[in-house]
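Welcome! Take a look at the structure below, and then we can walk through it topic by topic.

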Amino acid sequence: MAPRRPTGAGAFPKAVATSAPPPPDPASLYAALDLGTNSCRMLIAQPKGNQFHVVDSFSKSVQLGTGLESSGRLSRASMARTVQALRICKGKLEKHSVARMRLVATEACRRATNAREFIRMVKRETGLALEIIEPEEEARLAVVSCAPLVSTRTQQLLVVDIGGGSTELVWIDISAVPRAERPRAIMRLHAGFHMADSPFPAARVVDWISVPLGVATLREQFDDVEDDAARFALMSWFFEENLAEFAPYSAVQETEGFQIIGTSGTVTTVAASHLGLRRYDRTKVDGLRMTTAQIDAVIRSYLDLGPAGRRADPRIGRDRHALIMSGAAILQALMRVWPTDRLSVADRGLREGLLYAQMSADGVLEDGPF
């Protein structure tokens, strides 16, 4: 399965012109909803300084992409589960009187032949208008969400977002940006990976790729392999094969000044396991740095547990146990190609990127608009 890549000027989504809204109130609430292949997640937040304060949230495993790999369609059961979750989201939006929002769908809806039918069904059943975004924008928003975790010592940055249906990788050169400006330069990428000349020090996107393999789709590819360890090894090597067209794949990289930021349930689960957390604590996980050796040790412990042990392990959780090994296979492949002692764990992603981008564009963040 070939990775999706931009193929020319028409490959990048263009902004749609709309009538100018009234100036936003800095006290306004904003919402961001991310409907992925496996999960439906939403944040409602208020701008606060150069960050935001979360007022309400929602997260549920809806498994929208179940069976998509074989049928090419969203099933009736998965659509019904998802609509039920979206009704709860609609209730939260109404409860908080949220007027400014972006509600997006990603890989499952990009690939399903009946996606438009599903979008109409959601509108009819819930009143919510879902927007299917392209891989480039998904990658861009994941990068923006991770800006606060960029070290001022970083010169070369790899941001990895392991989703349910796809994995986005973005390689960014910030060596020409003054140290204190590096996180801010990353934030400015919300306007596009290939921006026109800017008066600000610019982060340069060396390459990006959207591999159409995530924790759910990769697992489905190897469902017929019964041996647990063999299945894991096959998944990891298969994912690495799909990185071959990514420009930095074969380049020799200096470890000094190099940082990987990983954002996904896989990365945060591995971090929680490394810390021995029986109850998940975002404050201990978000921003944690891990070495390749520490990640390998956690993955080896998962393999030693086997399927039954992983199912019972409180560090992994009931919603994650079935998908943790496909996610770990992706993570191991990345560590094999780019071994590092500076993988930063990000408990943030598309939703946070959507919020930052909206608030930044509206100029309601203290340091914005970026």
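Two strands pair if DSSP finds at least two bridges between them. Helices (H or I, at least four residues) and strands (E, at least two) are DSSP runs, numbered from the N terminus. This is a predicted model, in which local features need pLDDT of at least 70, side-chain atom pairs count only at pLDDT 80 or more, and totals for chains, interfaces and linings use all residues. Residues are numbered from 1 along each chain as its sequence is written, and side-chain values use heavy atoms, with hydrogens and water left out.

**Strands and sheets**

- Strands E7 (residues 167-173) and E8 run antiparallel and are joined by seven bridges.
- Val170 has Trp208 in E8 as its bridge partner.
- Six of the eight residues of E8 (residues 204-211) are buried, where buried means under 20% relative accessible area, exposed over 50%, and partly exposed in between (1.4 Å probe, protein chains only).
- An open sheet holds five strands in the order E3-E2-E1-E4-E5, with mixed pairing.
- Strands E3 (51-61) and E5 (131-132) stand at its edges with a single partner strand each, so one side of each has no neighbour in the sheet.
- E2 (residues 39-48) pairs with E3 in the antiparallel sense over 10 bridges, and the partner of Arg41 in E3 is Ser59.

**Nonpolar cores**

- A nonpolar core is a set of buried Ala, Val, Leu, Ile, Met, Phe, Trp, Tyr and Cys residues joined through side-chain atoms within 4.5 Å.
- The largest one has 48 residues, and Leu158, Leu169, Leu334 and Trp338 touch the most other members.
- Helix H12 (residues 324-337) gives the largest share of this core, 10 residues.
- Apart from it lies another core of 39 residues, including Leu141 and Trp208.

**Two packed helices**

- H9 (residues 265-275) packs against H12 at an angle of about 95 degrees, with the axes 9 Å apart; axes are lines fitted to C-alpha atoms, for helices over the stretch in contact, and angles run from 0 to 180 degrees between N-to-C directions.
- That angle makes H9 roughly perpendicular to H12, a term for 65 to 115 degrees.
- Thr266, Val267, Thr269 and Val270 in H9 meet Ile324, Gly327, Ala328 and Leu331 in H12, where contact means heavy atoms within 4.5 Å.

**Positive phi values**

- Most residues other than glycine have a negative phi.
- Gln63, however, has a positive phi near 50 degrees, and this residue lies in the loop between E3 and helix H1 (68-71).
- Ser97 also has a positive phi, of about 50 degrees, and Ser97 is exposed, with a relative accessible area of 63%.

How values were computed: Parallel < 35°, antiparallel > 145°, perpendicular 65-115°, else oblique.
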